[in-house]
Structure formats: C-alpha cells, structure tokens
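Student: Can you walk me through this one? I have the sequence and the model open.

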Amino acid sequence: MTHGNTIGGGSPAAAAREVPVRDGLLRPETTRLPSLTGLRFPAALLVFLNHTGLPFPGLRLLKDNGTTKDWFELTKNAGSLGVTFFFVLSGFVLTWSARARDTSPAFWRRRFVKIYPNYVVTWVLAMVLFASAYTPTRTAVANLFMVQVWVPKFDVFSSVNTPSWSLGCELVFYACFPLLYHLFQRIPVERLKYWIGGLTALVIATPAITYAVFPDKPYFPGGEQLGAHATVTQYWFAYFLPPVRMVDFALGMLVALAVMKGRWWNIGMLWSTVLLVGGYVLASHVPFLYSQRSTTIIPIVFLIAAAATADVKGSFSLFRNRTMVWLGEISFAFYLIHFIVLTYGRKWLGHDYYSTAQTTGLLAAMFAISVLAAWALYALVERPITRGWSRPRRTRASAGSAGPLAGAK
C-alpha cells in the first residue's frame with residue numbers, strides 16, 4: 001500500500017475491529033452503522049414534507065389560504081435540514097468505511113454506479129412526465145450531467161427534478177474525498193476539535209459572509225411571498241454552490257475521525273434530538289440564509305455521532321430495526337422520485353384545490369406511491385447495478401459488499 005494510491009489508511013481499517021473512545025475500547029461486530037441507515041429515511045421524509053408545503057401552483061393542493069400558510073410555516077425549513085443532514089452523513093460514513101487497500105479509481109467507480117443509474121432514470125421520468133414542456137435543451141443536458149448546480153440561475157440549478165441539485169454537490173464531494181481523506185488523516189488527534197470547531201463556525205458564518213459580499217436586491221422569484229429575503233445569487237452561493245456545501249461534507253469526515261479516535265464528546269441520541277428540534281424552531285426566527293444551515297448544523301453533527309456510537313456500543317436505537325433500515329436503504333431512490341410523484345400528481349389532478357382532509361388523503365397516497373416507486377427503483381436498478389458493477393469483472397467473484405456508505409445519499 002502506498003500513500004498516494006490508496007484511500008483508506010490504517011485507522012479506519014482498524015476501526016472495523018475496535019473503535020477507541022474515552023471510556024474504553026469498543027469492539028463492534030460490524031461497521032455498517034444501521035442506525036445511520038435508518039436515520040436516512042426521516043431525513044428524506046423532511047424533504048418530502050417541505051415540498052408538500054410549498055404554496056406554488058405546481059405543488060399546492062390546499063384550498064384554504066390560512067391552512068396553506070400554516071403548513072408552509074411548519075415545513076419551510078424541513079428540506080434544508082434534510083439535505084444538510086445528508087451532506088454531513090455522507091462525509092461521516094465515507095470516512096468510517098474507508099478501505100485500507102482502496103484506490104481512488106475504485107472508490108469513484110463504486111460511487112458512480114451507486115448514484116448515477118437512479119439519477120438517469122429519474123431524469124428521464126421527469127423529462128417525459130412534465131419537465132420537457134418548459135426546460136431548454138441546454139438546461140436539460142446540464143442537469144443530466146449534474147453540472148446545473150454551478151449556474152447561478154434559479155431555473156437552471158433547480159431544473160428538471162428539483163432535488164437533483166444536491167447530487168451535483170455530491171459528485172464534487174466524491175471527486176475530492178480521496179485527497180481530503182489523506183489530508184485529514186495527518187491532523188494530530190488533539191487538534192481535531194479545533195478543525196471541527198473551525199468548520200462549524202464557517203458553516204454558521206456563511207450567511208453573514210454572503211449578505212456582506214452580494215447585493216441584497218432583488219429577491220429570488222417567490223422569495224418575497226415566502227419571506228425568503230435573499231437574491232438568487234445569495235441563495236445559490238450560501239446554499240447550492242458545491243465548494244460551500246463541501247464544508248458540511250468535510251465536517252462529517254472530521255467528526256467520523258474524532259469518534260473513531262476517541263476524541264468525541266457523545267451527548268447521546270436523545271439530547272441530540274432535543275437540540276435538533278430546538279435548532280429547527282430557532283430557524284423560523286432568524287434571517288432566511290441562517291435558517292438553511294446555521295441553526296441546525298451542530299445538532300446534526302451530534303446526532304450522527306451519537307447514532308454511530310450507539311451502533312458500536314450496541315445501545316438502544318429507534319432506527320436500527322428492520323423496517324427503519326429497509327426504509328433507509330430505499331431513501332436515496334425515495335429522495336429522487338418523490339418530487340416527480342408530487343409534481344405529476346398535481347398535474348394529473350388538474351386545477352382544483354382541496355379541503356384539509358382531502359389534501360391529507362392525497363398526500364398520503366402520493367407518499368405511498370413514492371415509497372413503492374422507490375422500492376422498485378432500488379430493487380430493479382440501484383441494488384443489482386451496485387452489486388454487479390461496483391468492481392471490474394475480474395474482481396467481482398471475490399468482491400464483498402459495496403461498503404456501508406452505499407446509499408448515503
């Protein structure tokens with residue numbers, strides 16, 4: 001093994017056998033972290049709920065304006081919470097599961113076959129069902145190649161299948177992971193807390209930097225109506241731009257190293273969840289860009305670390321049961337398919353609006369359809385392609401599983 005040609009170093013490989021923590025050496029039976037798999041579905045569900053609350057004609061179902069406003073106020077920051085959770089989780093689990101003899105090309109191949117087939121299938125579905133009617137060819141092509149997120153125009157970075165912008169960020173994260181991993185491995189363990197604190201402070205301060213650097217008018221389309229006081233450029237820079245969001249990913253990597261090396265203060269899943277609820281409530285009382293990441297980043301980090309620690313210790317976890325793990329496994333497909341179901345469902349229903357009871361029933365049906373469609377996408381596309389193509393043909397016979405991150409996003 002040479003340092004320049006492999007991703008995994010000694011520490012994560014050793015972590016598969018024993019994970020040092022402050023209260024002794026833990027000896028987990030597995031490093032698959034089922035609680036983190038189970039937590040992925042609630043994160044994806046938050047994105048789903050956020051999209052059901054948007055009061056735009058292409059999604060709105062509720063007739064009553066007051067109820068529409070109340071539902072929007074309750075869910076308006078749910079999507080940003082879910083996406084930020086996924087970004088931090090991605091960095092954490094990739095680092096936790098890094099392989100001692102892995103090469104960068106092998107890593108990139110696994111990530112590509114994991115995410116791109118689902119991405120292409122849902123891109124085609126969105127284009128066929130609704131997006132082709134209003135999407136320019138160049139925008140559709142940019143979306144297909146996951147580069148739409150680099151363009152500071154709302155109708156580009158939020159085009160075709162709206163949630164797909166985050167995969168453009170993940171693509172950059174994966175490209176940079178081998179280099180970041182080697183750099184972070186060189187950080188002395190006693191200095192990890194300073195790096196974690198610095199990146200956390202950078203996430204929290206990003207809105208202040210954005211507001212100071214970019215002009216604050218005009219607001220992005222619909223921003224005034226939604227109370228989202230930011231320009232398209234401000235919103236794009238602070239929330240969508242891959243190098244900015246890579247801070248979330250890198251933070252997850254560093255926290256994983258801290259947990260594995262016994263340098264993490266674990267407050268447990270209960271208190272982490274309480275903090276997360278508090279951060280979510282606070283998000284409704286701060287300026288728009290702060291609500292997208294700043295108030296929830298610390299609880300997210302604590303919750304992910306606490307869930308991993310619970311799995312290693314074998315402590316009780318609500319998210320480790322078979323149902324939650326299964327939902328977590330299909331969560332990537334659910335994330336990509338749900339907006340298509342909501343948008344096409346609204347189109348199929350026509351222009352009518354509905355009572356609260358009727359809307360609840362319709363959304364429950366769309367949720368069920370999204371879960372079933374995600375299951376089909378996972379079973380027919382994601383799982384067989386991942387198993388069959390994660391490694392070159394000559395190594396498949398002796399290959400093991402694709403690793404615990406498969407599906408972190």
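Student: Where is Val-141 found?
Tutor: Val-141 lies in helix 6, residues 137-144. Helices are DSSP runs of H or I with at least four residues, strands are E runs of at least two, and both are numbered from the N terminus. This is a predicted model: local features need pLDDT of at least 70, side-chain atom pairs count only at pLDDT 80 or more, and totals for chains, interfaces and linings use all residues. Residues are numbered from 1 along each chain as its sequence is written, and side-chain values use heavy atoms, with hydrogens and water left out.

Student: How many helices and strands are in the chain?
Tutor: The protein chain has 19 helices and two strands.

Student: Back to Val-141. What is its relative accessible area?
Tutor: The value is 39%, so Val-141 is partly exposed. Buried means under 20% relative accessible area, exposed means over 50%, and partly exposed is in between (1.4 Å probe, protein chains only).

Student: Which residues touch the most other members in the largest nonpolar core?
Tutor: Leu-36, Phe-92, Val-255 and Trp-264, out of 121 residues in that core. Helix 12 (residues 242-260) gives the most to this core, 14 residues. A nonpolar core is a set of buried Ala, Val, Leu, Ile, Met, Phe, Trp, Tyr and Cys residues joined through side-chain atoms within 4.5 Å.

Student: What does Val-255 touch?
Tutor: Leaving out residues up to four places away in sequence, Val-255 touches Phe-92, Ile-196, Trp-264, Val-301 and Ala-305. Contact means heavy atoms within 4.5 Å.
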